Amino acid sequence: MTAPLPPQTPRIGLGSDRHALVAGRPCVLGGVLFDDSPIGPLGHSDADAILHALTDALLGAAGLDDLGTLFPDHDPRWSGADSSELLRAALELVNQAGLRCWSCDIVAVCMEPKIGPRRSLIRKHLAALLSLPTDRVNLKGKTPEGNETGPAAIEVTAVVLLGPASA
Ligand code: MG
């Protein structure tokens, strides 16, 4: 029989999300408003793909339900919801499981809007949400070369490391 893992063993989590970017939608990514963007993510909540991928990574690492199960997209309570609030609620479940986030890293791929100019703002927002120093929260914006004429969309991958809340 395999011995149980020690409680301090870290846990890794992976999340991904993709939303179409369409005209007439506010563009909130990583909890930061891109007020100069003519397109924004389409979805039931505010459709913040960065926060959705990050939230799913947190839940996955903790062995909890996923974002779609906790906050279904047919539930009117989450219509237009601020995804920072969804992340806070998920983090509360993670904390109740005796875990906390140690670090996260995120890649966001889209033609527009450009992530770079707001990268540090987003890192600060995410670090505040996760109660982490900014150097433990990273974000890279990538441009999908060769896909310039494809439908506008944002695709995000997030990875997190969780450890015991007591460490
Ligand atoms: Mg989503």
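Proline 113 sits in the loop between strand S5 (99-109) and helix H4, where helices (H or I, at least four residues) and strands (E, at least two) are DSSP runs numbered from the N terminus. A cis peptide bond, with omega about -5°, joins glutamate 112 to proline 113. The model is a predicted one, in which local features need pLDDT of at least 70, side-chain atom pairs count only at pLDDT 80 or more, and totals for chains, interfaces and linings use all residues. Residues are numbered from 1 along each chain as its sequence is written, and side-chain values use heavy atoms, with hydrogens and water left out.

Alanine 47, in the loop between strand S4 (39-41) and H1, has phi near 65°. Alanine 47 is buried, with a relative accessible area of 0% (buried means under 20% relative accessible area, exposed over 50%, partly exposed in between, with a 1.4 Å probe and protein chains only). Serine 131, in the loop between H4 and strand S6 (137-142), has a phi of about 55° and is exposed, at 66% relative accessible area.

Turning to the rings, the structure holds 1 aromatic pair (ring centres of Phe, Tyr or Trp, the latter by its six-membered ring, within 6.5 Å; planes under 30 degrees apart are stacked, over 60 edge-to-face, the rest tilted). Phenylalanine 71 and tryptophan 78 form this edge-to-face pair, at 4.9 Å centre to centre and 85° between the planes; both residues, phenylalanine 71 and tryptophan 78, are buried.
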